[in-house]
Amino acid sequence: MDEENALKAFVLRSYGSPDVLDLTEIDTPVPGDGEVLVRVRATSVNPYDWHNMRGEPYVARLMPGALGFRAPKLRILGADMAGQVEAVGAKVTAFRPGDEVFALLEEGGFGEYVCVREDELAPKPKNLSYEQAASVPMAACTALLGLRDDGRIQPGQRVLVNGASGGVGTFAVQIARAFGAEVTGVCGPGNVGMVRSIGADEVVDYTKEDFTRKERRYDLLLDVAGGRPVSACRRTLTPKGAYVIVGGPGGRWLRPVGHMVSALATAPFVSQRTVRTDVVRCTENKRNLVTLTELIEAGKITPVIDRLYPFEEIRAAVEYQEKGHVPGKVVVTL
């Protein structure tokens, strides 16, 4: 390894706790013809990261394109990235050194530099810091896909966001409002005020009230938190409503995959439409980031950040996020 061209990164060599993230030096990648080398200024932590770190749920190790069977498929975690262009490949025309950018990656955010294809990279929103921008890609793209593409949201509809205080949920509440919907958010008692402050018309404290037993019916349920039976969730919908599944409580063996499979398996037998949102396999994430940037620069979306960690404390950031019930996002600065 050339020490003058080395970068620091947290490398995942085996499944396990955050302790398996090994801070080490590796060679700085050289951008190919259509690639851009970016100096990472901030990243954020998502459930995607600790699922890949733990290798859980175990059933996902058997699924093509998911986790590696015996060892991690991804070596440097971190799907969110905001930073500055350091160098560009010979065929890159849209970016130049010094440009401020952000992207949704498959991996690489937990390192000081990362190579990104030009068609995956977007200009950073002008009114956001690197830390704020790094909180956007995975969570906000997931919310946008779930509401706009899978949920087919329309102005005037009633939308319920179950898990409204988390990373995806805080973006979903704001995006739904930006699309002209009436929004109800479900969250814990400590986050009721925050969810209301970002635009929810009504907030349900799940410790005091079961949203599946309310009389009100919704056109669209974005289920981020899971935790409630599929049949109960469908009761909250109008006859032609949409049930969009984003996630659910984690587990070693099956959850949240089991929750999703159960919902999709029974979908053909009910009138409501059931869809699972999968941002990782979306091929339009650059365009989605541009759409989100327009909403952010118009003042319709503001990231909610719970904690900031320095790069050297990524293990602590992952451990904190993995505990769950994090309001908004956990961001790491470099």
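**Reading sheets, helices and cores: a tutorial**

Tutor: Welcome! We start with a pair of residues: Ile245 stands opposite Arg276 in strand 13. Keep in mind that this is a predicted model.

Student: How many bridges join strand 12 to strand 13, and do the two run parallel or antiparallel?

Tutor: Here is the general idea: backbone hydrogen bonds pair the strands of a sheet, in either a parallel or an antiparallel way. In this case strand 12 (residues 237-245) and strand 13 run parallel, and four bridges join them.

Student: What is the order of the strands in the open sheet of six?

Tutor: The order reads 10-9-8-11-12-13, and the pairing is parallel. Strand 10 (202-205) and strand 13 (273-276) are at the edges; each has a single partner strand, so one side of each has no neighbour in the sheet. From one strand to the next, the twist averages 15 degrees.

Student: Which strands does helix 4 touch as it packs on the sheet?

Tutor: Helix 4 (residues 167-178) touches strand 8 (158-162), strand 9 (182-187) and strand 11 (218-223). The direction of helix 4 makes about 175 degrees with that of strand 8.

Student: Now for strand 6: which of its side chains are buried?

Tutor: Side chains alternate along strand 6 (residues 113-117).

Student: How many residues does the largest nonpolar core have?

Tutor: The general idea first: in soluble globular proteins, nonpolar side chains tend to be buried together. Here the largest nonpolar core has 76 residues, and Leu147 and Leu292 have the most contacts inside it. Helix 3 supplies the largest share of this core, eight residues. Another core, of 13 residues, lies apart from it and includes Val40, Met81, Leu105 and Val116.

Student: What is Leu292 in contact with, leaving aside its neighbours within four places in sequence?

Tutor: Leu292 is in contact with Val136, Ala140, Cys141, Leu144, Ile175 and Ile301.

Student: Last one: how many residues of helix 1 are buried?

Tutor: Six of the eight residues in helix 1 (residues 47-54) are buried, namely Tyr48, Asp49, Trp50, His51, Asn52 and Met53. These buried residues pack against strand 1 (6-12), strand 2 (21-27), strand 3 (35-45), helix 3 (137-150) and helix 9 (314-322). Just after helix 1 comes Gly55, with a positive phi of about 70 degrees.

Terms used. Residues numbered from 1 in each chain as written. Predicted model: local features only at pLDDT ≥ 70, side-chain atom pairs only at ≥ 80, totals over all residues. Heavy atoms only, no water. Buried < 20%, exposed > 50% of the residue type's maximum accessible area, 1.4 Å probe, protein only. Contact = heavy atoms within 4.5 Å. Core = buried A, V, L, I, M, F, W, Y, C linked by side-chain atoms within 4.5 Å. Pairing = 2+ DSSP bridges. Axes fitted to C-alpha atoms, helices over the stretch in contact; angles between N-to-C directions.
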